[in-house]
There are 2 protein chains.
Amino acid sequence: MTEISPKHPRYASLRRREGLARSFRAGVVVPEGLIAQGRGEAFDYLLGEATLPSARRAERAAAAWLRAARHPVVSVNGNVAALAAREVALLARARPGLAVEVNLFHRTRGRAEKIARLLKAAGVPQVLGVRPTATLPGLPSDRARIDARGIALADLCLVPLEDGDRAEALRRAGKRVISIDLNPLSRTSRNADLPIVDELTRALQGIRAALGGAPGSADGVFPRFDAPAALADALRAISRNLRRSRGSARASPRPPRGSARPRRRTP
Amino acid sequence: MTEISPKHPRYASLRRREGLARSFRAGVVVPEGLIAQGRGEAFDYLLGEATLPSARRAERAAAAWLRAARHPVVSVNGNVAALAAREVALLARARPGLAVEVNLFHRTRGRAEKIARLLKAAGVPQVLGVRPTATLPGLPSDRARIDARGIALADLCLVPLEDGDRAEALRRAGKRVISIDLNPLSRTSRNADLPIVDELTRALQGIRAALGGAPGSADGVFPRFDAPAALADALRAISRNLRRSRGSARASPRPPRGSARPRRRTP
């Protein structure tokens, strides 16, 4: 692998990318997961690679919902484990009773076990979903498998980087869904009751900060959240950033190239 | 691999994704290439997954530049070979004298040979760059390697899905650069003399259609092209699509979820 110079304009993003490529080689992440990461990168770039005020509000609401829930579950796939196993562990400690369940689009027993080991090494006390014992209706059989002690029982599912079909199926099954997805137009974001449009680790840190270590009361009082307004705000932020970029593109001092210039000799 | 239903709302994009994942398993595409594909997908989605009129104009200008050039070269990396080997071969036939050079960010001899074989099987008569014989100034040594008969000699480089550093180095070396890149904000797009903001296969088909089979005259007359205007147009198109999506997000009939609703029982 080429070494990246810290002077490179996108050093942080490139480092995260290399880390994911390593997890891929270790069998935690699948090729489709790398493509999904790229889609996220593009949206994060358009959002300015920072947490929007509306996303911060969504993270606070997510913390309140996690406190209010009776059986909250966070669903972990290969990308989530690769990018944020430590953050998942810290969240599970900050909200006692939060179940952690492995949930894979491309499931093999070996991969599920690898991800469970990674989560445990990061500090998650118990990992569900390695040997699924229930099914979620309305999905192809290989993607419907869930844990009877986890998602099957859950009233609230936190689904970071989730597939659109699955987010929809969870909602149809009567569960409240909190998504973390950088694409405000994705089916996952549109189907979530509480969509968080923010980068995974920033979002998990934001939720944990808002939890503040207070124990969950499981009182069933879920503060209102206006999902369409949150998504519309993220779209407005992208438009704003694009307008700024357009301004600087127009301000470019480079003259148009064309026939007016003599043909240059190559070295 | 899970089989995708043709009824899936993003069937075409998912099929392309699976094809790339296969090329990855064959060693043609590297993990970083899959992430790059995801970034492209996000921008294609925002552009409406169709060729913009401004991109069509850029493709026509690219055809005129290819005709005008004395030593045009198309640079091929793993993703380009995986997604469009056939289109590269058809372009090379439509513009006799167009050199095809393998150019890898993550170069190994084995990978370069694999890509050359793939291009030859698709109908490219001669593939340069497998054993590089020259260097491009201003790049880390492993990425500077070029072919003395190809890019080193070129007056015009067509660089699809190119890295920003390399696009910049080509331009500094005095070559005209035509890029194909879905991100109008990328350093590659911003550094190109003629940026085409379109999906790879659509762009190559567009250039080939505009070439029309006429032989190159190599007259050195490169019609003017206003690169900043082309990029600004792509950014405007994305903004327009986002505004439309925002409208439909607001029109969503889903009521906000919150404490007003009784807590539901999970099944």
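Is W65(A) buried or exposed? In this predicted model, W65(A) is buried, its relative accessible area being 0%.

Over all chains, the structure holds three aromatic pairs. A pair of aromatic rings is described by the distance of the centres and the angle of the planes. One of the three pairs is formed by W65(A) and F222(A), whose ring centres are 5.5 Å apart and whose planes make an angle of 85 degrees. The arrangement is edge-to-face, because 85 degrees is over the cut-off of 60 degrees. W65(A) belongs to helix α3 of chain A, residues 53-68, while F222(A) belongs to the loop between α8 (200-211) and α9 (227-250) of chain A; the pair therefore ties together parts that are 157 residues apart in sequence. F222(A) is buried as well, with a relative accessible area of 1%, a value under the 20% cut-off.

Chain B also contains an edge-to-face pair, formed by W65(B) and F222(B), with 5.6 Å centre to centre and 85 degrees between the planes. Here W65(B) lies in helix α3 (residues 53-68) of chain B and F222(B) in the loop between α8 (200-211) and α9 (227-250) of chain B, so this pair too links parts that are 157 residues apart in sequence. Both W65(B) and F222(B) are buried.

In chain A, R176(A) lies over the face of F222(A), 4.0 Å from the ring centre. In chain B, the charged end of R176(B) sits over the ring of F222(B), at 4.0 Å from its centre.

R176(A) leads on to strand β7 of chain A. This strand covers residues 176-180, and five of its five residues are buried, so the strand is largely enclosed by the rest of the structure. The burial applies to both faces of β7(A): R176(A), I178(A) and I180(A) lie on one side, and V177(A) and S179(A) on the other.

The strand partners of β7(A) can now be considered. Strand β6 of chain A, residues 156-160, pairs with β7(A) in the parallel sense over five bridges, and C157(A) stands opposite V177(A). Together with helix α6 (residues 164-172) of chain A, β6(A) and β7(A) make a right-handed β-α-β unit. β7(A) is also joined by three bridges to strand β8 (residues 194-196) of chain A, and these two strands run parallel. In this pairing, S179(A) stands opposite P195(A) of β8(A).

Note on methods. Residues numbered from 1 in each chain as written. Chains lettered and ligands numbered in written order. Predicted model: local features only at pLDDT ≥ 70, side-chain atom pairs only at ≥ 80, totals over all residues. Heavy atoms only, no water. Phe/Tyr/Trp six-rings, centres within 6.5 Å; stacked < 30°, edge-to-face > 60°. Helix = DSSP H or I, 4+ residues; strand = E, 2+ residues; numbered from the N terminus. Buried < 20%, exposed > 50% of the residue type's maximum accessible area, 1.4 Å probe, protein only. Lys NZ or Arg CZ within 6 Å of the ring centre and 35° of its normal. Pairing = 2+ DSSP bridges. Right-handed = clockwise from strand over helix to strand, strands pointing away.
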